[in-house]
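Subject: Structure for you to look at

Hello,

Here is the structure I said I would pass on. Please open it first and then read the notes below it.

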Amino acid sequence: MTGELSPIDKAKFAAARRAAELVEDGMRVGLGTGSTAAWLVRCLGDAMREDGLRIRGVPTSTRTAELARQAGIPVIGLDEARWLDITIDGADEFDGDLNLIKGGGGALLHEKVVATASDRMVVIADIGKEVETLGAFPLPVEVIPFAWQTTRALVEETLISMDVLGRDVSLRMDGEAAFVTDEGNYILDLHLKRIGEPRQLAMVLNQIPGVVENGLFIDICDTVVIGFGDGRVEVRDLGSGTVERESFDPGEPDNLFRDIND
Ligand code: 5RP
(Lines give C-alpha, C1' and ligand atoms only; values in the text may rest on other atoms or scores of the structure.)
Protein backbone atom coordinates (compact mmCIF):
# COMPACT_ATOMS: atom_id res chain seq x y z
CA MET A 1 0.00 0.00 0.00
CA THR A 2 1.69 3.17 -1.13
CA GLY A 3 0.77 6.58 -2.41
CA GLU A 4 -1.29 9.47 -1.09
CA LEU A 5 -3.72 8.61 1.69
CA SER A 6 -7.35 9.69 1.47
CA PRO A 7 -8.46 12.25 4.11
CA ILE A 8 -10.27 9.52 6.04
CA ASP A 9 -7.17 7.31 6.11
CA LYS A 10 -5.09 10.31 7.18
CA ALA A 11 -7.57 10.87 10.01
CA LYS A 12 -7.41 7.23 11.08
CA PHE A 13 -3.63 7.19 10.87
CA ALA A 14 -3.32 10.44 12.85
CA ALA A 15 -5.60 9.10 15.62
CA ALA A 16 -3.74 5.78 15.73
CA ARG A 17 -0.33 7.41 15.82
CA ARG A 18 -1.34 9.72 18.69
CA ALA A 19 -2.90 6.84 20.62
CA ALA A 20 0.25 4.75 20.18
CA GLU A 21 2.04 7.39 22.28
CA LEU A 22 -0.15 6.35 25.22
CA VAL A 23 1.47 2.91 25.20
CA GLU A 24 4.43 2.59 27.57
CA ASP A 25 7.28 0.14 27.79
CA GLY A 26 6.28 -3.20 29.31
CA MET A 27 2.55 -2.73 28.83
CA ARG A 28 0.11 -5.48 27.98
CA VAL A 29 -2.02 -3.97 25.23
CA GLY A 30 -5.43 -4.98 23.90
CA LEU A 31 -5.34 -4.60 20.13
CA GLY A 32 -8.64 -3.73 18.47
CA THR A 33 -10.03 -4.78 15.13
CA GLY A 34 -10.80 -2.80 11.98
CA SER A 35 -9.04 -0.38 9.66
CA THR A 36 -8.23 2.21 12.35
CA ALA A 37 -6.94 -0.43 14.74
CA ALA A 38 -4.83 -1.82 11.90
CA TRP A 39 -3.05 1.55 11.73
CA LEU A 40 -2.41 1.32 15.45
CA VAL A 41 -0.86 -2.13 15.13
CA ARG A 42 1.43 -0.78 12.43
CA CYS A 43 2.40 2.24 14.55
CA LEU A 44 3.16 0.01 17.55
CA GLY A 45 5.22 -2.36 15.42
CA ASP A 46 7.13 0.64 14.13
CA ALA A 47 7.74 1.92 17.68
CA MET A 48 9.05 -1.51 18.67
CA ARG A 49 11.46 -1.64 15.74
CA GLU A 50 12.62 1.96 15.81
CA ASP A 51 12.35 3.07 19.46
CA GLY A 52 12.84 -0.21 21.29
CA LEU A 53 9.34 -0.23 22.78
CA ARG A 54 8.62 -3.61 24.39
CA ILE A 55 5.00 -4.65 24.67
CA ARG A 56 2.82 -7.73 24.45
CA GLY A 57 -0.43 -7.58 22.54
CA VAL A 58 -3.75 -9.30 23.07
CA PRO A 59 -5.57 -9.22 19.72
CA THR A 60 -9.35 -9.04 19.49
CA SER A 61 -9.61 -11.06 16.27
CA THR A 62 -7.71 -13.54 14.14
CA ARG A 63 -7.21 -10.74 11.58
CA THR A 64 -5.56 -8.50 14.16
CA ALA A 65 -3.48 -11.38 15.52
CA GLU A 66 -2.09 -11.97 12.05
CA LEU A 67 -1.38 -8.28 11.53
CA ALA A 68 0.30 -8.00 14.96
CA ARG A 69 2.60 -10.93 14.22
CA GLN A 70 3.51 -9.40 10.87
CA ALA A 71 4.28 -6.13 12.65
CA GLY A 72 6.57 -7.93 15.11
CA ILE A 73 4.37 -7.56 18.19
CA PRO A 74 4.50 -10.58 20.53
CA VAL A 75 0.97 -11.96 20.73
CA ILE A 76 -0.46 -13.54 23.89
CA GLY A 77 -3.94 -14.60 24.93
CA LEU A 78 -6.03 -12.71 27.47
CA ASP A 79 -5.84 -15.57 29.96
CA GLU A 80 -2.06 -15.41 29.82
CA ALA A 81 -2.04 -11.64 30.20
CA ARG A 82 -4.74 -11.87 32.91
CA TRP A 83 -5.28 -8.10 32.90
CA LEU A 84 -4.35 -5.38 30.43
CA ASP A 85 -2.87 -1.94 30.95
CA ILE A 86 -4.67 -0.47 27.99
CA THR A 87 -6.89 -1.47 25.07
CA ILE A 88 -6.97 0.66 21.95
CA ASP A 89 -9.71 -0.02 19.43
CA GLY A 90 -11.81 1.63 16.77
CA ALA A 91 -15.57 2.26 16.92
CA ASP A 92 -18.46 2.61 14.53
CA GLU A 93 -20.04 5.42 16.57
CA PHE A 94 -19.29 7.29 19.79
CA ASP A 95 -21.41 9.81 21.68
CA GLY A 96 -20.59 12.60 24.13
CA ASP A 97 -20.45 10.18 27.08
CA LEU A 98 -18.10 7.92 25.10
CA ASN A 99 -20.71 5.23 24.77
CA LEU A 100 -20.02 3.26 21.61
CA ILE A 101 -21.45 1.12 18.89
CA LYS A 102 -18.91 -1.50 17.87
CA GLY A 103 -18.92 -4.68 15.85
CA GLY A 104 -18.96 -3.37 12.29
CA GLY A 105 -16.07 -5.75 11.71
CA GLY A 106 -17.84 -8.57 13.53
CA ALA A 107 -15.39 -8.77 16.45
CA LEU A 108 -17.56 -7.18 19.14
CA LEU A 109 -17.51 -10.15 21.53
CA HIS A 110 -13.74 -10.44 21.84
CA GLU A 111 -13.49 -6.64 21.74
CA LYS A 112 -15.83 -6.25 24.70
CA VAL A 113 -14.17 -9.02 26.73
CA VAL A 114 -10.72 -7.54 26.12
CA ALA A 115 -11.74 -3.91 26.75
CA THR A 116 -13.50 -4.87 29.96
CA ALA A 117 -10.35 -6.60 31.22
CA SER A 118 -8.27 -3.43 30.81
CA ASP A 119 -7.34 -0.57 33.10
CA ARG A 120 -8.19 1.80 30.31
CA MET A 121 -9.97 1.65 26.95
CA VAL A 122 -9.03 4.21 24.35
CA VAL A 123 -11.06 4.56 21.17
CA ILE A 124 -9.42 5.81 18.00
CA ALA A 125 -11.75 7.21 15.38
CA ASP A 126 -12.08 9.69 12.59
CA ILE A 127 -14.39 12.61 13.33
CA GLY A 128 -17.14 11.07 11.17
CA LYS A 129 -17.81 8.53 13.95
CA GLU A 130 -19.02 11.14 16.43
CA VAL A 131 -22.80 11.28 16.89
CA GLU A 132 -25.22 13.12 19.12
CA THR A 133 -27.29 9.97 19.63
CA LEU A 134 -26.22 6.41 18.89
CA GLY A 135 -28.10 4.31 16.36
CA ALA A 136 -27.58 5.51 12.79
CA PHE A 137 -25.01 2.71 12.44
CA PRO A 138 -26.78 -0.67 12.62
CA LEU A 139 -26.25 -2.24 16.05
CA PRO A 140 -24.49 -5.63 15.77
CA VAL A 141 -25.72 -8.40 18.06
CA GLU A 142 -23.85 -11.72 18.19
CA VAL A 143 -26.16 -14.75 18.40
CA ILE A 144 -25.56 -18.49 18.43
CA PRO A 145 -26.36 -20.25 15.13
CA PHE A 146 -28.77 -22.68 16.86
CA ALA A 147 -32.32 -21.43 16.23
CA TRP A 148 -31.03 -18.02 15.20
CA GLN A 149 -34.35 -17.19 13.54
CA THR A 150 -36.14 -17.75 16.84
CA THR A 151 -33.59 -15.48 18.50
CA ARG A 152 -34.19 -12.88 15.80
CA ALA A 153 -37.94 -13.05 16.45
CA LEU A 154 -37.32 -12.54 20.18
CA VAL A 155 -35.06 -9.57 19.43
CA GLU A 156 -37.75 -8.05 17.19
CA GLU A 157 -40.37 -8.56 19.88
CA THR A 158 -38.10 -6.94 22.46
CA LEU A 159 -37.54 -3.91 20.25
CA ILE A 160 -41.27 -3.11 20.22
CA SER A 161 -41.06 -1.72 23.76
CA MET A 162 -37.69 -0.01 23.29
CA ASP A 163 -37.03 3.67 22.63
CA VAL A 164 -35.74 3.27 19.07
CA LEU A 165 -36.78 4.71 15.69
CA GLY A 166 -36.33 1.67 13.44
CA ARG A 167 -36.86 -2.03 14.14
CA ASP A 168 -35.52 -3.91 11.11
CA VAL A 169 -33.23 -6.80 11.94
CA SER A 170 -31.03 -8.47 9.32
CA LEU A 171 -28.66 -11.43 9.38
CA ARG A 172 -25.15 -10.32 8.41
CA MET A 173 -24.04 -12.10 5.27
CA ASP A 174 -20.65 -12.95 3.84
CA GLY A 175 -21.51 -13.43 0.19
CA GLU A 176 -24.16 -16.13 -0.05
CA ALA A 177 -23.58 -17.51 3.45
CA ALA A 178 -24.10 -16.10 6.93
CA PHE A 179 -21.13 -14.17 8.30
CA VAL A 180 -19.45 -16.26 11.02
CA THR A 181 -17.57 -14.69 13.93
CA ASP A 182 -14.30 -15.91 15.44
CA GLU A 183 -16.47 -17.75 18.01
CA GLY A 184 -18.49 -19.47 15.27
CA ASN A 185 -21.58 -17.34 15.88
CA TYR A 186 -23.80 -15.18 13.65
CA ILE A 187 -24.38 -11.43 13.72
CA LEU A 188 -27.79 -9.78 13.61
CA ASP A 189 -27.65 -6.12 12.55
CA LEU A 190 -30.36 -4.01 14.21
CA HIS A 191 -31.35 -1.01 12.07
CA LEU A 192 -32.57 1.23 14.88
CA LYS A 193 -31.74 4.69 13.43
CA ARG A 194 -31.82 6.24 16.91
CA ILE A 195 -31.28 4.59 20.31
CA GLY A 196 -32.95 6.64 23.04
CA GLU A 197 -31.82 4.51 26.01
CA PRO A 198 -28.64 2.64 25.05
CA ARG A 199 -27.95 1.38 28.59
CA GLN A 200 -31.40 -0.16 28.90
CA LEU A 201 -31.25 -1.66 25.41
CA ALA A 202 -27.85 -3.24 26.09
CA MET A 203 -29.16 -4.91 29.24
CA VAL A 204 -32.41 -6.14 27.72
CA LEU A 205 -30.77 -7.60 24.61
CA ASN A 206 -28.34 -9.63 26.68
CA GLN A 207 -31.21 -11.22 28.57
CA ILE A 208 -32.51 -12.93 25.42
CA PRO A 209 -31.46 -16.59 25.25
CA GLY A 210 -29.43 -17.08 22.09
CA VAL A 211 -27.90 -13.61 22.29
CA VAL A 212 -24.23 -13.81 23.22
CA GLU A 213 -23.39 -10.09 23.33
CA ASN A 214 -24.36 -6.79 21.78
CA GLY A 215 -22.23 -4.04 20.28
CA LEU A 216 -23.19 -1.29 22.75
CA PHE A 217 -20.17 -0.39 24.88
CA ILE A 218 -21.56 1.53 27.84
CA ASP A 219 -19.18 3.00 30.46
CA ILE A 220 -16.27 1.02 29.05
CA CYS A 221 -14.37 3.64 27.06
CA ASP A 222 -12.33 6.24 28.99
CA THR A 223 -10.71 8.26 26.23
CA VAL A 224 -11.31 8.99 22.57
CA VAL A 225 -8.58 10.09 20.18
CA ILE A 226 -10.25 11.73 17.20
CA GLY A 227 -8.40 12.17 13.94
CA PHE A 228 -9.18 14.74 11.25
CA GLY A 229 -8.41 14.56 7.55
CA ASP A 230 -5.84 17.38 7.78
CA GLY A 231 -3.85 15.61 10.47
CA ARG A 232 -5.33 17.38 13.49
CA VAL A 233 -5.98 15.25 16.53
CA GLU A 234 -8.22 15.77 19.53
CA VAL A 235 -7.85 13.73 22.72
CA ARG A 236 -10.91 13.75 24.99
CA ASP A 237 -10.47 12.15 28.37
CA LEU A 238 -13.62 11.42 30.33
CA GLY A 239 -11.89 10.90 33.70
CA SER A 240 -9.98 14.17 33.78
CA GLY A 241 -12.54 16.07 31.69
CA THR A 242 -9.71 17.39 29.53
CA VAL A 243 -9.63 18.02 25.80
CA GLU A 244 -6.24 18.32 24.09
CA ARG A 245 -5.88 19.47 20.53
CA GLU A 246 -2.76 18.97 18.48
CA SER A 247 -1.83 19.59 14.92
CA PHE A 248 -0.16 16.50 13.71
CA ASP A 249 1.74 16.06 10.50
CA PRO A 250 0.50 12.70 9.24
CA GLY A 251 3.85 12.38 7.49
CA GLU A 252 4.62 9.57 5.14
CA PRO A 253 3.33 6.29 6.57
CA ASP A 254 4.66 4.09 3.79
CA ASN A 255 7.47 2.78 5.96
CA LEU A 256 4.81 1.26 8.22
CA PHE A 257 3.95 -1.14 5.44
CA ARG A 258 7.50 -2.28 4.91
CA ASP A 259 7.05 -5.82 6.18
CA ILE A 260 3.31 -6.06 6.19
CA ASN A 261 1.02 -7.49 3.56
CA ASP A 262 -2.34 -5.80 3.98
C1 5RP B 1 -14.84 -4.24 14.63
C2 5RP B 1 -15.11 -2.89 15.17
C3 5RP B 1 -14.33 -1.76 14.59
O4 5RP B 1 -13.59 -1.19 15.59
C5 5RP B 1 -15.29 -0.77 14.01
O6 5RP B 1 -16.08 -1.43 13.04
C7 5RP B 1 -14.55 0.40 13.35
O8 5RP B 1 -13.85 -0.06 12.24
P9 5RP B 1 -13.00 0.93 11.33
O10 5RP B 1 -11.87 1.40 12.16
O11 5RP B 1 -12.57 0.06 10.18
O12 5RP B 1 -13.90 2.05 10.89
O13 5RP B 1 -15.89 -2.69 16.06
O14 5RP B 1 -15.69 -5.20 15.17
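Predicted model: local features only at pLDDT ≥ 70, side-chain atom pairs only at ≥ 80, totals over all residues.

Ligand

An oxygen atom of the ligand lies 2.7 Å from an N or O atom in the side chain of K129, which is inside that cut-off. K102 also reaches the ligand with its side chain: one of its polar atoms is 2.9 Å from a ligand oxygen. In total, 17 residues surround the ligand, and the closest are S35, T36, D92, G103 and K129.

Two domains

How is the protein chain divided? The domain assignment gives domain 1, made of residues 7-129 + 219-247, and domain 2, made of residues 139-215. Their centres, taken over C-alpha atoms, are 25 Å apart.

The interface can be described by contacts and by area. In contacts, 15 residues of domain 1 meet 16 residues of domain 2. In area, the two domains bury about 1,200 Å² between them, and 54% of that is on carbon and sulfur atoms.

Eight residue pairs, both at pLDDT 80 or more, are in polar contact between domain 1 and domain 2. On the side of domain 1 that touches domain 2, β5 (100-101) and α5 (108-116) each supply at least two residues. Of the elements there, α5 gives the most, with four residues. By class, that side of domain 1 has four nonpolar, eight polar and three charged residues.

Salt bridges

Side chains of opposite charge can pair when their charged atoms come close. The structure holds 18 salt bridges, and two salt bridges are found across the interface of domain 1 and domain 2. The side chains of R199 and D219 form a salt bridge, with 2.8 Å from N to O.

Another salt bridge joins the side chains of R28 and D85, at 3.5 Å from N to O. What does this pair tie together? R28 is in strand β1 (residues 28-31) and D85 is in the loop between α4 (78-81) and β3 (86-89), so the pair links parts that are 57 residues apart in sequence.

Y186 sits in strand β11 (residues 186-191). Leaving out residues up to four places away in sequence, Y186 touches V141, E142, V143, P145, W148, L171, A178, F179, V180 and T181. Y186 and D85 are 101 residues apart along the chain, and 30 Å separate their C-alpha atoms.

Regards

How values were computed:
Residues numbered from 1 in each chain as written. Heavy atoms only, no water. Domains from an automatic or database assignment. Contact = heavy atoms within 4.5 Å. Buried area = accessible area lost by both parts, 1.4 Å probe. Salt bridge = Lys/Arg side-chain N within 4 Å of Asp/Glu carboxyl O. Polar contact = N/O pair within 3.5 Å; in protein donor to acceptor, adjacent residues only side chain to side chain. Nonpolar A, V, L, I, M, F, W, Y, C, P; charged D, E, K, R; others polar. Near = heavy atom within 4 Å.
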